[in-house]
Amino acid sequence: MSDMYEPKPEHKFTFGLWTVGNIGRDPFGEPVRHPLSPVEIVHLLADVGAYGVNFHDNDLIPIDATPADRDRILREFKAALQETGLVVPMATTNLFADPVFKDGAFTSNDPKVRAYALQKTMRAIDLGVECGAKVYVFWGGREGVESDAAKDPQEGLKRYREAINFLCAYVKDQGYDLKFALEPKPNEPRGDIYLATVGHALAFINTLDHPDMVGLNPEVAHETMAGLNFLHGVAQAWDAGKLFHIDLNDQVIGRYDQDFRFGAVNLKAAFFLVRFLENVGYQGSRHFDAHAYRTEDYEGVKAFARGCMRTYLILKEKARRFDEDAEIQALLAEITSDDGTMAPFQGGYSRDKADALKAHPFDRVALGRRGLAYERLDQLTNEVLLGVR
């Protein structure tokens with residue numbers, strides 16, 4: 001295996017306790033792998049060369065743990081981090097698994113459930129910060145409906161906003177160095193989930209008391225399952241200064257949330273995503289929110305984790321070749337060529353500029369006849385990915 005594709009700490013590759021710790025249960029089948037403790041998962045990730053490990057509160061501390069159990073588990077987990085050198089860049093709260101959250105957490109119709117969700121999240125934030133997390137993710141997996149008769153969406157968003165505002169204030173009051181990242185998803189496990197896409201979440205953030213503290217954690221599978229272009233969502237989040245974290249995996253359009261190994265389905269989409277992240281200088285974690293096939297034992301889980309990281313690094317190298325390929329760059333230069341004649345019309349508005357633009361003669365027919373060579377450009381992209389350039 002080439003050293004250039006070996007993960008290093010500077011690549012910031014992370015996995016969740018729930019990813020490599022997935023035991024292979026699905027709605028139609030029982031587990032195929034025995035559970036691993038958090039300590040065992042930390043050592044597994046160290047073996048495959050990961051940089052960090054992330055967790056939901058109950059991935060680390062069972063929901064019914066006693067205070068003594070909590071202290072012991074946390075002590076052992078932190079010792080494993082110290083021993084392996086892994087870090088915890090991100091944490092989150094499980095507000096979806098327990099039956100109490102069947103109608104949502106922050107948006108539940110029951111005010112007691114909403115209050116409990118805030119209590120649970122504050123305690124989980126404390127836990128995440130204690131372990132070193134700098135980003136805190138909110139995935140509202142149960143924040144939604146199966147029937148719009150059950151919940152007013154405007155009231156649901158109001159409750160959501162109040163919860164995030166409350167928790168922002170809590171973080172500021174505690175003096176924590178922590179940012180929030182909302183994770184959009186259109187459906188599953190609820191029929192329809194609030195804040196379904198990157199665009200929904202960006203609009204919501206602008207309504208918060210502390211929008212500077214809150215950004216996004218977009219996920220490949222979540223946007224893709226709805227047939228959206230994930231790269232475009234990531235670019236919009238980056239453009240808004242809100243790409244605080246990212247979840248990498250893969251997904252077939254229109255299917256349930258599959259969480260496949262990164263690059264397992266659509267290598268071209270993965271390629272353009274990696275190229276974008278590397279070219280804009282994204283400095284956050286490359287977090288793999290995915291899990292191994294149900295067919296695998298734990299050696300297969302290690303192969304899955306190594307595959308996620310290796311594919312990212314291979315695509316990073318392919319992006320470099322794309323950007324250095326003379327024919328590709330010549331095509332791009334031709335496609336985006338500018339003879340300078342439109343310079344007087346570019347930039348901001350002025351009355352003189354508008355009047356001059358309205359009076360300028362354009363050869364519409366000639367402009368429409370121009371071929372753009374996108375077929376050739378796309379084929380050359382394929383050839384880079386197929387290793388013949």
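**Loops, pockets and a helix**

Mentor: Let's begin at aspartate 259, in the loop between strand E9 (247-248) and H10. Helices (H or I, at least four residues) and strands (E, at least two) are DSSP runs, numbered from the N terminus. The model is predicted, so local features need pLDDT of at least 70 and side-chain atom pairs 80 or more, while totals for chains, interfaces and linings use all residues. Residues are numbered from 1 along each chain as its sequence is written, and side-chain values use heavy atoms, leaving out hydrogens and water.

Trainee: Is aspartate 259 buried or exposed?

Mentor: Buried, since its relative accessible area is 11%. The cut-offs are under 20% for buried, over 50% for exposed and partly exposed in between, with a 1.4 Å probe and protein chains only.

Trainee: What about phi of aspartate 259?

Mentor: Phi is near 55° there, a positive value in a residue that isn't glycine. Most residues other than glycine have a negative phi, and most peptide bonds are trans.

Trainee: Where does alanine 373 lie?

Mentor: Look in the loop between helix H14 (364-369) and helix H15 (374-385). Alanine 373 isn't a glycine either, but has a positive phi of about 60°. With 33% relative accessibility, alanine 373 counts as partly exposed.

Trainee: And what joins glutamate 188 and proline 189?

Mentor: A cis peptide bond, with omega at about 10°. Proline 189 belongs to the loop between strand E6 (179-183) and strand E7 (192-193).

Trainee: Which element gives the largest share of the lining of the largest pocket?

Mentor: H1, with three residues. H1 (17-20) is among the elements that supply at least two, and so are helix H2 (38-48) and strand E4 (135-139). By class, that lining has 20 nonpolar, 14 polar and 13 charged residues. Here Ala, Val, Leu, Ile, Met, Phe, Trp, Tyr, Cys and Pro count as nonpolar, Asp, Glu, Lys and Arg as charged, and the others, Gly among them, as polar.

Trainee: What volume has the second largest pocket?

Mentor: About 350 Å³. Of the 20 residues lining that second largest pocket, Thr224, Leu228, Phe230, Asn266 and Ala269 are the closest to its centre. H10 gives the largest share of this lining, five residues. The classes here are 12 nonpolar, six polar and two charged.

Trainee: How many cavities of 30 Å³ or more are there?

Mentor: Two. The largest cavity holds about 60 Å³ of space, and E4 brings the largest share of its lining, three residues. The second largest cavity has about 50 Å³, and Phe138, Tyr160 and Leu182 are among the residues that line it.

Trainee: Switching topic: how many residues has helix H4?

Mentor: 18, residues 67-84. From first C-alpha to last, H4 reaches 26 Å, close to the 26 Å expected at 1.5 Å a residue (that is, 1.5 Å times one less than the number of residues). Ile73, Leu74, Phe77, Ala80 and Leu81 are buried in H4. They sit on the same side of H4 because they cover an arc of only 125° around the axis, taken from the directions from the helix axis to the C-beta atoms.

Trainee: Which exposed residues does the face of H4 turned away from its buried side carry?

Mentor: Pro67, Ala68, Arg75, Gln82 and Glu83. Just after H4, glycine 85 takes a positive phi of about 85°.

Trainee: Last one: where is glycine 128 found?

Mentor: In helix H5, and it counts as buried at 0% relative accessibility. Leaving aside neighbours within four places in sequence, glycine 128 is in contact with Phe55, Ala91 and Ala133, where contact means heavy atoms within 4.5 Å. Glycine 128 and threonine 92 are 36 residues apart in sequence, and 7.5 Å apart in space, C-alpha to C-alpha.

Technical notes: 1 Å grid on protein atoms, 1.4 Å probe; cavity = no way out; pocket = protein on both sides within 12 Å on 5 of 7 lines; lining within 4 Å. Points joined across faces, edges and corners; volume = space filled by probe spheres on them.
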